[in-house]
Amino acid sequence: MKRVLAKFRSTQIKVLIKYSILSLFISVLASQVSVAQSISLDIVDGPNSINGLPTNQEITFYLRFNNNFGMRMIGFTSGFTISSPDGASWTTTVGDSTDAISSVELSGGRFISYPGSGPTGSGVDTVAFGGFNLFGTGVPDGFNEIAYTITIGPIDIVDVGKTICLDSVSYPQYDWKWSYDSRIVAFPEWDGPHCFTICGGGVDSDGDGVADACDACEGFNDYADLDADGVPDGCDNCPTVPNSAQVDTDSDGLGDLCDGCCVWGRGNVDGDTNDAVDISDLVMLVDFIFTGGIAPVCPTEANVDGDVGENIDISDLVVLVDFVFTSGTAPPLCP
């Protein structure tokens, strides 16, 4: 009986190990597949501001296909929807190919279709792209081109302030998948959904060419962006240095990257990221003053006593020692 139980347990362990290895293999394979191919929105032809769409003209979405799977792609089906969550309408929806993927790559044919009731310019319009290879070269590994476009519009001016979204969709006849040799199937990543506010043709109070509904910086020119960080100069807390995150640790209206190296109180001589004033700052200051060691990361921080000449000397050391070891007066605030 003991031998039977031992054999049973041994078999159980082997099965568990087998399925654990299989599960790990699938997980690794899935992680590789997820980053090996993608479809992304590359550019939008027609917006008059970031995430804004104009009225009374056509708008084209350019879709980039990236095959980095390590094999040629021999077939694909991908679907997209154009919709408006708040009821905007557009005249029509048209899918097209840029010929970056041609009959040379997919000799079996390429297709563009409109499942359902077809494009109506309202509700949800669906566009499907696909193709397959018979005797062509297939889409090569490393392919990274704008392959398809979706054009909508014009949008009526009455819809200013509403939203239009582009997203992926799967449905029975055109699953969101790519196929490769040896019957390998992969599922490309999509960087959406992408939603845009309709703003063209509306009131433009500040006269910058961007309607108020899409104004990124009200009262200022949205197109003036000296440091090219995506934040208009009029609303940029550090207009000469790129800082799209607009971090302002001390809330003084000046972004950290333009605020000088001293952010809170003085004394962070070694420049650690948590702005702590401790024994390591004391060691660095002693080394710099008495042995010609490494200069402080931020001279203003090392001017611990805050004298107007910004001199780094023994008086700074006295203030720092008093603060660190005897809980003396805290160093003055940064300028």
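In the predicted model, helices α2 and α4 are roughly antiparallel to each other, a label given to angles over 145 degrees, with under 35 counted as roughly parallel, 65 to 115 as roughly perpendicular and the rest as oblique. The axes of α2 and α4 come within 10 Å and cross at roughly 160°; such axes are lines fitted to C-alpha atoms, for helices over the stretch in contact, and the angles run from 0 to 180 degrees between N-to-C directions. The crossing of α2 past α4 is left-handed, a term used if the near helix is turned anticlockwise from the far one by less than a right angle. Helices (H or I, at least four residues) and strands (E, at least two) are DSSP runs numbered from the N terminus.

Residues are numbered from 1 along each chain as its sequence is written. As the model is predicted, local features need pLDDT of at least 70 and side-chain atom pairs count only at pLDDT 80 or more, while totals for chains, interfaces and linings use all residues, and side-chain values use heavy atoms, with hydrogens and water left out.

A nonpolar surface patch is formed by I279, V283, V321 and F325, which together have about 370 Å² of accessible area. Patches consist of residues with over 30% relative accessible area and no salt bridge, nonpolar side chains (Val, Leu, Ile, Met, Phe, Trp, Tyr) being joined within 5 Å and like charges within 9 Å. Areas come from the Shrake-Rupley method with a 1.4 Å probe; for residues, only the protein chains shown count as cover. At least two residues of the patch are supplied by each of α2 (279-291) and α4 (314-326). V283, in helix α2, is exposed at a relative accessible area of 53% (buried is under 20%, exposed over 50%, partly exposed in between).

The model contains 4 salt bridges, each defined by a side-chain nitrogen of Lys or Arg within 4 Å of a carboxyl oxygen of Asp or Glu. In one of them, the side chains of R64 and D42 meet at 2.6 Å, N to O. This pair links strand β3 (residues 59-67), which holds R64, with strand β1 (residues 37-45), which holds D42, across 22 residues. R64 is partly exposed at 22%, as is D42 at 33%.

A salt bridge also joins R72 and D181, with the closest N and O atoms 2.9 Å apart. R72 lies in the loop between β3 and β4 (73-83) and D181 in the loop between β10 (177-180) and β11 (184-186), 109 residues apart.

Note on methods. Buried < 20%, exposed > 50% of the residue type's maximum accessible area, 1.4 Å probe, protein only.
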